[in-house]
Structure formats: structure tokens, C-alpha cells
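Open the structure in your viewer and keep the selection tool at hand. Each stop below says what to select and what is there.

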Amino acid sequence: MVIKEAKFLMSNTRVEQCPTPNKPEYAFIGRSNVGKSSLINMLTEQKNLAKTSSSPGKTQLINHFLINDDWYLVDLPGYGYAKVSKGSREEWRKMINYYFQKRENLTCVFVLIDSRHEPLKQDLEFINHLGTLGLPFVVVFTKLDKQSATKTDSTIAAYARKLRETWDELPRFFQTSAEKHIGRDEILNFIEEVNEQVQNQYK
Ligand SMILES: Nc1nc2c(ncn2[C@@H]2O[C@H](COP(=O)(O)OP(=O)(O)OP(=O)(O)O)[C@@H](O)[C@H]2O)c(=O)[nH]1
Ligand SMILES: [Mg+2]
């Protein structure tokens with residue numbers, strides 16, 4: 001898919017204030033600092049469309065971007081940042097669960113995982129939670145440029161092993177580096193395919 005236009009629309013905390021749900025929507029989520037906003041910039045080939053930061057907790061709201069006037073890309077705040085208070089964590093959980101349950105045009109969730117780390121309890125729990133909700137999702141391994149291909153392969157194999165303990169079928173996996181522009185075509189082609197599959201619902 002070619003991205004002809006990518007524009008920021010709005011930031012919200014509530015689904016009711018999000019843009020009209022008349023287009024397929026793809027949401028990016030994962031631990032703080034995993035590279036969600038950077039991946040959105042890489043996919044759209046824009047430097048600062050989504051705000052990034054080297055310190056975790058940068059993205060705090062539900063951020064909507066409109067791509068090619070045809071589908072929404074959503075940057076969500078991350079989870080798992082140690083310095084966040086219990087109250088804020090609970091707010092995050094409520095906001096995200098409400099968004100997952102109420103956002104009728106949410107077509108696929110992209111769960112981002114840092115490819116440098118062995119499976120983390122929090123990430124596995126989050127993936128299992130999505131599976132339980134019955135939301136379509138895929139897993140995106142980020143920051144491939146930070147280590148060897150062998151290390152990436154071993155992280156991915158470890159996640160596959162862990163997920164097979166709970167699920168018969170594995171979700172689709174993508175490998176990416178925002179820095180080295182790895183995985184862009186694969187993700188955009190996937191979105192294009194899904195857009196075609198769901199287009200009848202939006203006529
Ligand atoms: N080397 C490398 N660094 C990356 C990559 N993706 C993101 N980063 C860096 O990781 C840090 C966090 O990136 P963000 O895109 O802001 O992460 P985020 O997941 O949106 O973080 P929050 O909004 O805080 O949840 C930044 O310093 C990025 O430059 C990558 O593919 N390779
Ligand atoms: Mg962010």
C-alpha cells in the first residue's frame with residue numbers, strides 16, 4: 001500500500017469523543033517505550049506525526065490519525081511503566097478496556113513487543129487478555145536493529161512457546177525496526193488486505 005496522506009485528527013480519553021467510526025481502525029499498543037509512536041512515524045514516513053520520547057510514558061491519550069482518507073491508525077498510551085502510580089494505572093486500564101469494548105470499528109490491535117527481551121509476564125498477560133476479549137490482534141516485535149538476528153529469533157520462538165501453552169492458534173507475528181525501516185511493507189500490506197476484507201461493512 002502507498003501512503004498518500006497521513007494526518008493527525010485528535011486526542012481523547014473517551015470513545016464517545018473519537019472520530020465517527022465509519023472507517024476501519026488499527027490500534028497500536030504495548031509497554032511504554034516499546035516503540036509504538038516510532039512505528040507509526042515509520043509506517044507513515046513522517047518524522048513527528050506521533051510524538052516519541054526516550055523516556056517512557058510519552059503517549060497518554062487515544063490519538064487518532066487518518067490515513068489516505070480511508071482508515072484510522074491509533075496510537076495508545078503504553079503499559080508497564082514502573083513510575084506510574086497505582087491510580088494512574090487503574091485509569092489506563094479503564095480507558096483502554098472501554099476503548100476495546102466500545103470502539104465498534106476497531107478492526108485489529110497491534111501488540112508491540114520489544115524483541116530484545118525474553119517473554120515478560122505483563123506482555124503475555126496482555127496478549128492473553130486480548131485473546132479472551134475475542135478482539136483480532138497481531139504481535140509486532142520491535143527494535144530489531146538493537147540486536148542480532150539470532151537473538152530476535154530466540155525471543156520470537158520463546159513467545160510462540162509461551163502462547164501455545166494457552167492458545168491452539170498463534171497470532172500473526174511481524175518483525176520491525178523503526179530505525180532501519182524493517183517490516184513496513186509487511187504491515188502495510190496486511191492492513192490493505194484486512195481493509196479489503198472489511199470494506200463491505202463501511203459502504
Ligand atoms: N534503535 C531503535 N530505537 C527505537 C526503535 N523504535 C523506537 N525506538 C526508540 O525507543 C524510544 C521510545 O520510542 P516511542 O516510539 O516513543 O515509544 P512508545 O511505545 O510510543 O512509548 P510511550 O508513548 O511512552 O508508551 C525512543 O527513544 C525511540 O527513538 C527502533 O526500531 N530502533
Ligand atoms: Mg508513544
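A residue is called buried if 20 or more other C-beta atoms lie within 10 Å of its own, exposed if 12 or fewer, and partly exposed in between, with C-beta atoms placed from the backbone. This is a predicted model, in which local features need pLDDT of at least 70 and side-chain atom pairs count only at pLDDT 80 or more, while totals for chains, interfaces and linings use all residues. Residues are numbered from 1 along each chain as its sequence is written, and chains are lettered from A and ligands numbered from 1 in the order in which they are written.

Colour the chain by pLDDT, the predictor's confidence in each residue, from 0 to 100. The mean over the chain is 94, and 100% of its residues reach 70 or more. For the model, ipTM is 0.99 and pTM is 0.96.

**Stop 1: ligand 1**

Select ligand 1 and the 23 residues around it. A residue is near a molecule if its C-beta atom, placed from the backbone, lies within 6 Å of it. Gly35, Ser38, Thr52, Thr59 and Gly78 come nearest. Which kinds of residue make up the shell around ligand 1? Four are nonpolar, 13 polar and six charged. Here Ala, Val, Leu, Ile, Met, Phe, Trp, Tyr, Cys and Pro count as nonpolar, Asp, Glu, Lys and Arg as charged, and the others, Gly among them, as polar.

**Stop 2**

Select residues 36–44, which are helix 1. Helices (H or I, at least four residues) and strands (E, at least two) are DSSP runs, numbered from the N terminus. Helix 1 gives the most to the shell around ligand 1, with three residues. Eight of the nine residues in helix 1 are buried; among them are Lys36, Leu39 and Met42. Strand 3 (62–67), strand 4 (71–75) and helix 5 (184–198) are among the elements that the buried residues of helix 1 pack against.

Now select asparagine 33, in the loop between strand 2 and helix 1. Asparagine 33 has a positive phi of about 80° although it is not a glycine. With 21 other C-beta atoms within 10 Å, asparagine 33 is buried.

Is glutamate 45 buried or exposed? Glutamate 45 has 11 C-beta neighbours inside 10 Å, so it counts as exposed. Its phi is also positive, about 55°, although glutamate 45 is not a glycine.

**Stop 3: proline 21**

Select proline 21, in the loop between strand 1 (6–12) and strand 2 (25–30). Proline 21 counts as partly exposed because it has 15 C-beta neighbours inside 10 Å. Leaving out residues up to four places away in sequence, proline 21 touches Arg103, Glu104 and Asn105; contact requires C-beta atoms, placed from the backbone, within 7 Å.

**Stop 4: helix 3**

Select residues 121–133, the 13 residues of helix 3. Asp123, Phe126 and Ile127 are buried in helix 3. Looking down the axis of helix 3, the buried residues fall within an arc of 95°, so they line one face of the helix; the arc is that of the directions from the helix axis to the C-beta atoms. Lys121, Gln122, Glu125 and Thr132 are exposed on the other side of helix 3. Strand 5 (106–114), strand 6 (137–142) and helix 4 (149–164) are among what covers the buried residues of helix 3. Finish at glycine 134, which follows helix 3 and has a positive phi, near 80°.

Key. Expected span 1.5 Å × (residues − 1). Contact = placed C-beta atoms within 7 Å.
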